[in-house]
Amino acid sequence: LTDKDIDDLEDLEKEVREAYAVQLASFSVQGNAEKLVSRLRDQGYKARYHTITSGDNALYKVMVGQLDDRDDAHALKEKLSESMQLHGFVVKHGMS
């Protein structure tokens, strides 16, 4: 790596920030993830799913939120538990 490459990587690293979300479920059937995301969106939540693949297998993880603060993510987790009887957990992921 050249000095310029290192500088570019450092600049990129500064642009990436960590965010928190609540993971509610993981499904092996994409349609199940889509139904849960739709149900959550109908209730006003910013829901999405991510596809994780390993060989021929896929897993669809349903997530809600993109929060900068871990405490806010925990509050969202509690709200989802109370309002929709969905018991998730807080996860950290990088966002650009």
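Helices (H or I, at least four residues) and strands (E, at least two) are DSSP runs, numbered from the N terminus. The model shown is predicted: local features need pLDDT of at least 70, side-chain atom pairs count only at pLDDT 80 or more, and totals for chains, interfaces and linings use all residues. Residues are numbered from 1 along each chain as its sequence is written, and side-chain values use heavy atoms, with hydrogens and water left out.

**Figure 1. Overview of the chain, with three helices and four strands.** Along the sequence, the elements follow the pattern α-β-α-β-β-α-β. Of the 96 residues, 29% count as buried, where buried means under 20% relative accessible area, exposed over 50%, and partly exposed in between (1.4 Å probe, protein chains only). Contact means heavy atoms within 4.5 Å. Among contacts with a separation of 6 or more, residues 24 or more positions apart account for 65%.

**Figure 2. Helix H3, residues 70-84.** The 15 residues of H3 should span 21 Å at 1.5 Å a residue, and the end C-alpha atoms are 21 Å apart, which agrees; the expected span is 1.5 Å times one less than the number of residues. Ala 73, Leu 76, Leu 80, Ser 81 and Met 84 are the buried residues of H3. Seen down the axis of H3, these buried residues fall within an arc of 140°, so they line one face of the helix; the arc is that of the directions from the helix axis to the C-beta atoms. An α-helix has 3.6 residues a turn, so residues three or four places apart point the same way. Asp 71 and Glu 82 are exposed on the other side of H3.

**Figure 3. The two ends of helix H3.** At the start of H3, a side-chain oxygen of Asp 69 reaches to within 3.0 Å of the backbone nitrogen of Asp 71. H3 is followed by Gln 85, with a positive phi near 55°, although Gln 85 is not a glycine. Most residues other than glycine have a negative phi. Gln 85 is found in the loop between H3 and strand E4 (89-95) and counts as exposed because its relative accessibility is 55%.

**Figure 4. Asp 72 in helix H3 and Tyr 20.** The C-alpha atoms of Asp 72 and Tyr 20 are separated by 8.6 Å, although the two residues are 52 residues apart along the chain. Asp 72 has 43% relative accessibility and therefore counts as partly exposed.

**Figure 5. The one aromatic pair of the structure.** The rings of Tyr 49 and Tyr 60 have their centres 6.0 Å apart and their planes at 75°, so the pair is edge-to-face. Rings of Phe, Tyr and Trp (its six-membered ring) pair if their centres lie within 6.5 Å; planes under 30 degrees apart count as stacked, over 60 as edge-to-face and the rest as tilted. The pair links distant parts of the chain, with Tyr 49 in strand E2 (residues 47-54) and Tyr 60 in strand E3 (residues 57-67), eleven residues apart. Tyr 49 is partly exposed at 24% relative accessibility, whereas Tyr 60 is buried at 12%.

Figure 6. Gln 23 counts as buried because its relative accessibility is 8%. Not counting residues up to four places away in sequence, Gln 23 touches Lys 61, Val 62, Met 63, Gly 88, Phe 89 and Val 91.

Definitions and conventions. A polar contact is a pair of N or O atoms within 3.5 Å; within protein, one must be able to donate a hydrogen and the other to accept it, and residues adjacent in sequence count only if both atoms are side-chain atoms.
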